[in-house]
Amino acid sequence: FGTSKINQKNHLEIGGCDTVELANQYGTPLFVYDVALIKAKARGFKKTFEDLDMKHRVVYASKAFTSLALYKLLAAEGLAFDVVSGGELHAALKAGVSPEMIEFHGNNKSAEELAMAVNVGIGTIVVDNFYEIELLKSILKETGKQQKILLRVSPGVDAHTHSYILTGQEDSKFGFDVKSGQAEQALQLVLADQGFDVIGIHCHIGSQIFGTEGFEAATEKMMAILLDWQSRFNFVASVLNLGGGFGVKYSDEDTPLEAPEYVKQIATMVKVSSQAAAYPLPEVWIEPGRSIVAEAGTTLYTVGSRKSVPNVRNFVSVDGGMGDNIRPALYDATYSAVVANRMTAPAEEVVTVTGKYCESGDKLITDIQLPILAATDILAIVTTGAYGYSMASVYNKNPRPAVVFVENGESQLVLRRETYDDLINLDVIN
Ligand code: LLP
């Protein structure tokens, strides 16, 4: 992916940096992000809309991975940001992101979080439920402010036959249900209150989606809702937010399209159906998270112990694991790996790569064909840029890894490794 290649030392190189040297310099486990690839992904989404000559917002879903450096990088690329907590909002603001470019999501935002968002002048709040309408209404009344909002609807896209990480189906905790009339009831409530400036509607059908059917079904449904609400409530949306969820390739079994391809299809659908119905073309917003950062991230580990159970399994342990990548344990996610210090060594055995955590489920890769690994080898697990660091824990009091950005032969530490003292910093009795 991206700028990865094999250098003259037979080492994995990313962004012009030798990963074995990075491992020596910064220690392992280490997240390495290919900055050029992140930029290319961000630009790919923007270009898709520009080619279609459509007003748009590419809203990066911070939850996939954040650091102040990443907020700065993507803000400079013209992206907006989706935050889902006061913590993400705080971080985005600290990084200097313009509040106008921030969109606040979540199914249970607290009164404090909502007040914080309103007070900093956040661009958009994506209103998810009736309780939130009430909370926000009273905050807006108190502050005398008006707030741009999107209504999150659950379009009832039935994707049960696909292996989605579902969120847009009827049986979902997110958004107002359309079929039962809750969505239009919510619309009437917010239209009736001057505090709300209702700019449009939002849906997000799930994550790591491969087929185009789900996105197409959702887009069709959302356009139908807009046309219906125009005729019945005289409501015209200036924004249609279709969420994120564009799948990426973790291993050879995964066969996604390039993420902008999905966007091209749905944006074109919006354009065509708006024209057909003489509906004013809304701005299309999308919220990619994974597809911007997953492939740009690689985790470097140092190989340690091994255990071979004859005729059963070879376990090879590395110095990280479920603390820096919970996805295999949580979702049975699959990954692939290379030996960064011996890139062209022949793959001679099948091993299971495990971590160092006290948990049998602490596996990173089950049954992968690799060169015979020895202690001190540097194992690089690829495509770990999304939902790895951001879901990291300090289980077993293992410090969280460092994160470096690499580009044009330069590396930059963007998140330092946690120290043992960091791990007891919250203790108030010592
Ligand atoms: N927008 C909304 C409203 C979302 O809920 C999400 C993801 C996104 C955008 C970004 O989706 P993406 O483009 O990254 O697929 N921890 C899981 C993924 C959870 C996704 C949650 N919502 C994983 O590691 O697979």
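Asparagine 311 counts as exposed because it has 5 C-beta neighbours inside 10 Å, where exposed means that 12 or fewer other C-beta atoms lie within 10 Å of a residue's own, buried means 20 or more, and partly exposed covers the values in between, with C-beta atoms placed from the backbone. The model is predicted, and local features need pLDDT of at least 70, side-chain atom pairs count only at pLDDT 80 or more, and totals for chains, interfaces and linings use all residues. Residues are numbered from 1 along each chain as its sequence is written.

- Asparagine 311 is found in the loop between strand S16 and strand S17 (313-318), and its phi is near 60 degrees, a positive value in a residue other than glycine.
- Helices (H or I, at least four residues) and strands (E, at least two) are DSSP runs, numbered from the N terminus.
- Aspartate 332, in the loop between helix H11 (327-331) and strand S18, also has a positive phi, of about 55 degrees, although it is not a glycine.
- With 10 other C-beta atoms within 10 Å, aspartate 332 is exposed.

**The whole protein**

- The protein has 12 helices and 23 strands.
- Its radius of gyration, taken over C-alpha atoms, is 23 Å, close to the 22 Å that the globule rule gives for 430 residues, so the protein is as compact as a globular protein of that length; the rule is 2.2 Å times the number of residues to the power 0.38.
- Taken along the principal axes, the C-alpha atoms of the protein fill a box of roughly 70 × 55 × 40 Å.
- Of the 430 residues, 47% count as buried.
- Among contacts between residues at least 6 apart in sequence, 68% join residues at least 24 apart, a contact being a pair of residues whose C-beta atoms, placed from the backbone, lie within 7 Å.

- In strand S21 (residues 378-382), 5 of the 5 residues are buried, so the strand is largely enclosed by the rest of the structure.
- In a regular strand the side chains alternate between the two faces of the sheet.
- Ile378, Ala380 and Val382 point one way from S21, while Leu379 and Ile381 point the other way, and all are buried.
- Strand S16 (residues 297-309) is joined to S21 by 5 bridges, and the two run antiparallel; two strands pair if DSSP finds at least two bridges between them.
- Within this pairing, threonine 302 stands opposite isoleucine 378 in S21.
- Strand S18 (residues 337-339) also runs antiparallel to S21, to which 3 bridges join it, and valine 339 has leucine 379 in S21 as its bridge partner.

**The start of the chain**

- An open sheet is formed by 3 strands in the order S1-S2-S3, with antiparallel pairing, and its edge strands, S1 (5-6) and S3 (17-18), each pair on one side only.
- Strand S2 (residues 12-14) is joined to S3 by 2 bridges, and isoleucine 14 has cysteine 17 in S3 as its bridge partner.
- In helix H1, Thr19, Val20, Leu22, Ala23 and Tyr26 are buried.
- Seen down the axis of H1, the buried residues fall within an arc of 160 degrees, so they line one face of the helix; the arc is that of the directions from the helix axis to the C-beta atoms.

How values were computed:
Contact = placed C-beta atoms within 7 Å.
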